[in-house]
Amino acid sequence: MVMTVLVAAAILMGCTNLAVVMATYGDHNAPVGSIHVSGEVWCQDCFKPFNKFAQGDKPLKGVKVSLTCMDERSKVMYYNSDLTDEEGYYEMDVEKYVYGRELKANLCKVRLVSSPDPTCNVITDFAGGKSGVKLSQPTEVFGDTFKYKCRRFFFTTPMCEKPDTSASQENNNY
């Protein structure tokens, strides 16, 4: 009789422990994984010599950077944004499965959105910040986490913005 009670108690404790583990760690059969995107945003002054221009001038705080992921039909499946810290650094984490559907990193783009700095708020396409950069090769893979480190993006000063010369020359009175 004592043996039966001990076996029953062990089974009950095992079920309780299993319930605690499942509540803590979730269902191991559920799809897991995440995509981690990070990078920096700096301000460049176009009046500096090229070697200083290419290296960047200063990090920008409060810049909005977005991550947009599409599905195979070119419909937006996921959107997120982050603001850079005082060192111009941003990072975003997203679960690899959204509403039961897998995000494909190669269908995701990172791009610049806006800068709060009135002296450096013109988006450049240097390193793809304006047009967006597709996630292609992860810089690090750890289990089901895929990390992507983007090249440094840049804003520049309004004085460096190119004028729009695409307008027709027919309207000139010269």
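1. The side chain of T84 reaches the backbone oxygen of L60 at 2.7 Å, a polar contact (a pair of N or O atoms within 3.5 Å; within protein, one must be able to donate a hydrogen and the other to accept it, and residues adjacent in sequence count only if both atoms are side-chain atoms). This is a predicted model, in which local features need pLDDT of at least 70 and side-chain atom pairs count only at pLDDT 80 or more, while totals for chains, interfaces and linings use all residues. Residues are numbered from 1 along each chain as its sequence is written, and side-chain values use heavy atoms, with hydrogens and water left out.

2. T84 is located in the loop between β4 and β5; strands (E, at least two residues) are DSSP runs, numbered from the N terminus. T84 counts as buried because its relative accessibility is 5%, where buried means under 20% relative accessible area, exposed over 50%, and partly exposed in between (1.4 Å probe, protein chains only). Leaving aside neighbours within four places in sequence, T84 is in contact (heavy atoms within 4.5 Å) with V41, L60, K61, G62, V63, V65, Y89 and Y90.

3. With neighbours within four places in sequence again left aside, the contacts of Y90 are V37, S38, G39, E40, V41, V65, D82, T84, V110, C150 and F153.

4. Y90 also belongs to the largest nonpolar core, which has 27 residues; V41, L67, Y90, V110 and L135 touch the most other members. Such a core is a set of buried Ala, Val, Leu, Ile, Met, Phe, Trp, Tyr and Cys residues joined through side-chain atoms within 4.5 Å. At least two residues of this core come from each of β1 (34-44), β3 (64-70), β4 (76-83), β5 (89-95), β8 (108-114) and β13 (153-156). Strand β1 provides the largest share, four residues.

5. How many salt bridges does a search of the whole structure find? The search finds six, a salt bridge being a side-chain nitrogen of Lys or Arg within 4 Å of a carboxyl oxygen of Asp or Glu. In general, side chains of opposite charge can pair when their charged atoms come close.

6. One of these salt bridges joins R152 and E40, with the closest N and O atoms 3.4 Å apart. R152 lies in the loop between β12 (145-149) and β13, and E40 in strand β1, so the pair ties together parts that are 112 residues apart in sequence. R152 is partly exposed at 26% relative accessibility, and E40 is partly exposed at 23%.

7. A salt bridge also links R101 with D71, the closest N and O atoms being 3.2 Å apart. Since R101 is in strand β7 (residues 101-102) and D71 in the loop between β3 and β4, this pair ties together parts that are 30 residues apart in sequence. R101 is partly exposed at 39% relative accessibility, whereas D71 is buried at 5%. D71, R73 and R101 are linked in a network of salt bridges.

8. In the salt bridge between E102 and K96, the closest N and O atoms are 3.7 Å apart. E102 is partly exposed, with a relative accessible area of 33%, while K96 counts as buried at 14%.

9. Turning to the surface, V76 is in strand β4 and counts as exposed because its relative accessibility is 55%.
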